[in-house]
Amino acid sequence: MKDNRIRFFDTTLRDGEQAPGYSMSHDEKTRMALQLESLGVDVIEAGFAVASPGDFESVRQIARAVKGCTVASLARALEKDIDAAAEAVREAAHPRVHTFLATSDLHLKSKLHMSRRDALDRVKRMVAYARRKCADVEFSAEDASRTDVDFLCRVVETAIAAGASVVNLPDTVGYAAPEEFHDFIRSVMTRVPNMDKAILSVHCHDDLGLAVANTLAGIRAGARQVECTIGGIGERAGNAALEEIVMGLRTRHDHYGDMEYGIHTEEIARSAQLLSRITGVKIAPNKAIVGANAFAHESGIHQHGVMADARTYEIMTPESVGVKKTELVLGKHSGQHAFAERLKTLGYELEAEQVADLFADFKSLADRKKTILDRDLVALVEAKAGTHVRPEREWRLDTFVVNSGNHMSATAQVTLERNGKKRQEAALGSGPIYAAFRAVEMIIRHKFTLEDYRIEAVTERRDALGEVFVKISDKRGSYRGRGVSTDIIKGSILALLNAVNRMLNA
Ligand code: KIV
Ligand code: ZN
């Protein structure tokens with residue numbers, strides 16, 4: 001029977017997280033993994049377990065939390081990597097070990113100092129070893145698209161014979177062209193004698209901007225697993241973007257055929273926004289499917305056309321990817337019930353205590369801002385997310401006073417509270433935010449470097465909430481924080497404290 005199901009293997013938390021600026025904490029990764037589960041991916045690659053104890057823990061935490069899809073860990077074709085990967089995913093409902101070895105002559109010679117014969121032997125031994133540790137094993141031939149195809153067919157046959165249920169052929173450096181990649185995948189599909197015993201997968205990078213085109217070409221050639229990330233994040237120029245692949249299949253089913261997949265496309269926008277909030281990296285406005293302009297029509301001709309019939313300039317509906325056209329408005333007379341219902345509709349399943357806590361924030365915001373839109377609510381919730389991990393060790397803002405003007409140095413007096421005790425400091429600075437940050441640094445008695453500071457208005461009007469993102473670092477690592485307030489100095493201090501608490505609890 002013809003297999004029309006496309007399995008979505010999401011590597012946002014592994015290949016995606018490897019990209020500079022996208023690192024996430026354990027809890028953030030688990031949150032993202034649970035959203036990927038709601039999105040309906042088939043496999044979550046949760047990390048590279050052997051890379052560090054932190055990576056191992058993240059994979060294990062995700063393996064415990066996720067029940068509805070397979071959880072995989074990457075491993076080089078080495079026993080110690082496979083041991084760590086198998087152990088990290090052991091408690092998953094559906095565990096997978098994903099082992100890889102480079103197969104192109106360039107990588108074999110220059111990187112691995114290995115002959116083709118040694119590589120075949122390693123594939124055979126390590127896939128069989130992984131199979132003894134885990135029932136579901138995927139093998140990847142790194143740099144497959146630059147590997148001699150006759151040799152690659154032998155590698156694929158060997159991996160399947162040794163027990164791999166999925167064989168992945170990456171275009172590791174984003175070198176392939178779509179027609180060529182199609183023929184390459186077709187050639188492996190038709191030439192490997194035991195190909196019917198495994199699923200062929202593709203994993204494309206975007207160095208020439210062709211990752212999604214190559215992935216779709218791979219599907220046309222018979223690949224039935226696609227490896228991708230939310231927003232296309234990943235090494236260098238990134239990986240193929242999940243949302244573009246699935247919306248390509250959906251929108252152009254006349255071209256790609258009636259493929260089946262488990263992705264709930266209405267969860268796409270939420271997934272991309274969550275990733276952006278967690279990492280603090282903004283989605284480019286013109287990003288296909290999930291950018292702010294993806295469904296915006298600026299020119300008069302386009303607006304007129306869309307009003308007459310949306311299909312004139314929209315090939316998919318915003319609703320189909322979870323972008324809501326209308327935003328519900330809450331205000332200071334809204335009650336806790338309406339507030340809780342709205343949070344539920346926005347996808348937040350919160351404990352009663354958390355709702356009550358957020359409702360207090362909502363009320364104080366409603367005193368200062370006339371109308372509260374969904375975007376304000378999301379910002380409020382997200383600013384609280386990930387805090388209160390160990391409340392007794394958290395610094396909280398008690399009071400602050402700043403003084404600033406164009407003929408004076410700025411001064412800030414800040415009082416923070418931790419575990420019932422208050423501490424106060426005053427500092428000078430070239431601006432009020434700098435002064436406030438120095439006062440915080442003096443209170444916590446821990447030096448840090450401010451790596452990044454960004455402020456954005458959540459909505460358009462003058463009374464908009466300001467959402468502040470900061471990144472700080474100390475000798476051990478870097479930490480992000482987010483703060484939300486109609487007062488940008490308060491928002492900045494809250495964002496800094498969010499990062500400081502992560503740093504001190506790390
Ligand atoms: O790009 C690549 O080749 C990879 C493999 C390790 C799967 O990420
Ligand atoms: Zn990759």
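Which helix lies across β13 and β14? Select residues 374-384: this is helix α16, which runs at about 140° to β14. Angles run from 0 to 180 degrees between N-to-C directions, with axes fitted to C-alpha atoms, for helices over the stretch in contact. Helices (H or I, at least four residues) and strands (E, at least two) are DSSP runs numbered from the N terminus.

This is a predicted model, where local features need pLDDT of at least 70, side-chain atom pairs count only at pLDDT 80 or more, and totals for chains, interfaces and linings use all residues. Residues are numbered from 1 along each chain as its sequence is written, chains are lettered from A and ligands numbered from 1 in the order in which they are written, and side-chain values use heavy atoms, without hydrogens and water.

Next, select the sheet. Its three strands form an open, antiparallel arrangement in the order β12-β13-β14. β12 (449-457) and β14 stand at the edges with a single partner strand each, so one side of each has no neighbour in the sheet. Strands pair if DSSP finds at least two bridges between them.

Select β13 (residues 466-474): nine bridges join this strand to β14, and a hairpin of two residues links them. Val468 stands opposite Gly483 in β14.

Now select β14 (residues 477-485). Seven of its nine residues are buried, so the strand is largely enclosed by the rest of the structure; buried means under 20% relative accessible area, with a 1.4 Å probe and protein chains only.

Finally, go to α4 (residues 79-89) and α6 (residues 116-133), whose axes come within 10 Å and cross at roughly 25°.

Methods
Buried means under 20% relative accessible area, exposed over 50%, partly exposed in between (1.4 Å probe, protein chains only). Contact means heavy atoms within 4.5 Å.
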